[in-house]
Amino acid sequence: MILRNRRLVEALETLRVILRDNYGLAGLVITSSIIALGLLAPYLPLPDFNAADYPRLQPPSLEHLFGTDYLGRDLLSRVIWGARISLLVGFVAAGISAVIGILLGTLAGYFGGFVDAVISRVIEIFFMIPTFFIALTLAAIYSSNIYMLMFIIGITTWPVTARIMRGQVLIAREYLYVEAAKAMGASDLRIIFRYVMPVSIQPAIANTILQVGNAIMIEAGLSYLGLGDPNYPSWGRLIYEGQPYVSTAWWISLIPGIFLLLTVLGINFLGDALNRVYNPRLRQRNQ
């Protein structure tokens with residue numbers, strides 16, 4: 001009960017600091033609004049996003065607020081459903097990345113020695129090759145369905161989280177209560193999950209929020225190159241579909257592009273605010 005109350009107090013304090021941060025507040029409002037839009041998509045009075053029931057290439061009007069695309073599909077419906085798809089890709093891919101990065105970073109920082117050397121070399125290899133090109137290669141080789149894209153983005157974006165977690169664990173493993181747990185015969189697994197990870201994971205969580213925006217951008221880039229899933233209207237896919245019509249039907253690419261920009265910007269604002277909350281030096285400088 002005490003631990004639960006402590007976590008509640010910490011969560012409320014984090015929210016308070018974010019609300020006092022102009023960029024954090026803006027990020028929270030933008031991100032929450034886009035998430036709400038995606039969650040409400042099935043319940044809004046929208047036509048089927050794949051139904052080609054309207055005149056082709058109609059500009060924005062009262063009947064079709066965002067116009068129609070080259071097949072006569074309602075762009076408003078496709079953009080709102082695209083929010084759902086793009087956010088799903090972002091959160092799932094970032095979650096996969098976080099699990100891999102937190103586990104490997106914890107192992108490297110806690111055990112050190114050979115384990116640290118091997119994991120650190122793997123991290124350096126990933127940093128030598130741009131993430132997008134690794135994801136591009138894998139997406140070109142394997143099927144580009146939406147689930148494969150989530151997995152590919154997740155397994156190629158974990159090194160930053162791993163490096164952050166490693167640094168935090170290197171500090172945490174020297175705490176006196178960790179040394180006391182070792183002296184009392186606690187297993188490494190118990191020490192890692194009960195004493196080390198809880199005090200080390202906050203910066204990794206902040207980075208994971210940033211990775212959501214990064215994953216959305218990677219998916220958009222892959223879709224723009226024609227490697228996205230054609231069955232789902234992610235924002236990157238909508239931009240790709242509107243590319244041939246930029247001069248005659250600008251709204252097909254521009255409107256989802258604006259939503260993509262605002263979403264990634266909002267997520268980055270929120271992630272930076274969380275980073276300032278969990279980094280005492282940045283928090284003091286911000287105050």
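**Ground rules.** I took helices as DSSP runs of H or I with at least four residues and strands as runs of E with at least two, numbered from the N terminus. By that rule, Leu103 has its place in helix α3. The model is a predicted one, so I kept to its cut-offs: local features need pLDDT of at least 70, side-chain atom pairs count only at pLDDT 80 or more, and totals for chains, interfaces and linings use all residues. Residues are numbered from 1 along each chain as its sequence is written, and side-chain values use heavy atoms, with hydrogens and water left out.

**Overall build.** I started with the secondary structure and found 13 helices and 0 strands in the chain. Read from the N terminus, the elements run α-α-α-α-α-α-α-α-α-α-α-α-α. Along the principal axes, the C-alpha atoms fill a box of roughly 75 × 45 × 35 Å. For burial I used relative accessible area: buried is under 20%, exposed is over 50%, and partly exposed is in between (1.4 Å probe, protein chains only). Of the 287 residues in the chain, 42% are buried.

**Back to Leu103.** I looked up its accessibility next: Leu103 counts as partly exposed because its relative accessibility is 39%. I also checked Leu103 against Trp251, and the two are 148 residues apart in sequence and 43 Å apart in space, C-alpha to C-alpha.

**Salt bridges.** Side chains of opposite charge can pair when their charged atoms come close. I counted a salt bridge where a side-chain nitrogen of Lys or Arg lies within 4 Å of a carboxyl oxygen of Asp or Glu. The structure holds 8 of them.

Which residue does Asp69 form a salt bridge with? The partner is Arg78, with the closest N and O atoms 3.8 Å apart. Asp69 and Arg78 are both buried. Arg78 also meets the side chain of Glu241 in a salt bridge, at 3.2 Å from N to O. This pair links distant parts of the chain, with Glu241 in helix α11 (residues 235–242) and Arg78 in helix α3 (residues 75–111), 163 residues apart. Glu241 is buried, and so is Arg78.

Then I turned to Arg121 and Glu124, whose side chains meet in a salt bridge at 2.9 Å, N to O. Both residues lie in helix α4 (residues 113–128), 3 residues apart, about one turn of the helix. Arg121 is partly exposed because its relative accessible area is 43%, and Glu124 is partly exposed too, at 35%. Looking for shared partners, I found that salt bridges join Asp69, Arg73, Arg78, Arg237 and Glu241 into one network.

**A nonpolar patch.** For patches, I took residues with over 30% relative accessible area and no salt bridge, joining like charges within 9 Å and nonpolar side chains (Val, Leu, Ile, Met, Phe, Trp, Tyr) within 5 Å. Accessible areas come from the Shrake-Rupley method with a 1.4 Å probe, and for residues only the protein chains shown count as cover. Leu107, Phe111, Phe114, Val115, Val118 and Val122 form such a nonpolar patch on the surface, with about 500 Å² of accessible area together. At least two of its residues come from each of α3 and α4, and α4 gives the largest share, 4 residues. I picked out Val118, which lies in helix α4; Val118 is partly exposed, with a relative accessible area of 39%.

**Helix packing.** Two packed helices are described by the angle between their axes and the distance between the axes. The axes are lines fitted to C-alpha atoms, for helices over the stretch in contact, and angles run from 0 to 180 degrees between N-to-C directions.

How do α11 and helix α12 (residues 251–278) cross? Their axes come within 8 Å and cross at roughly 150 degrees. That makes α11 roughly antiparallel to α12 (under 35 degrees counts as roughly parallel, over 145 as roughly antiparallel, 65 to 115 as roughly perpendicular and the rest as oblique). The crossing of α11 and α12 is left-handed, meaning that the near helix is turned anticlockwise from the far one by less than a right angle, with clockwise being right-handed.

**Loop note.** Last, I looked at Leu57, which has a positive phi of about 55 degrees although it is not a glycine. Leu57 lies in the loop between α2 (22–40) and α3, and is partly exposed at 24% relative accessibility.
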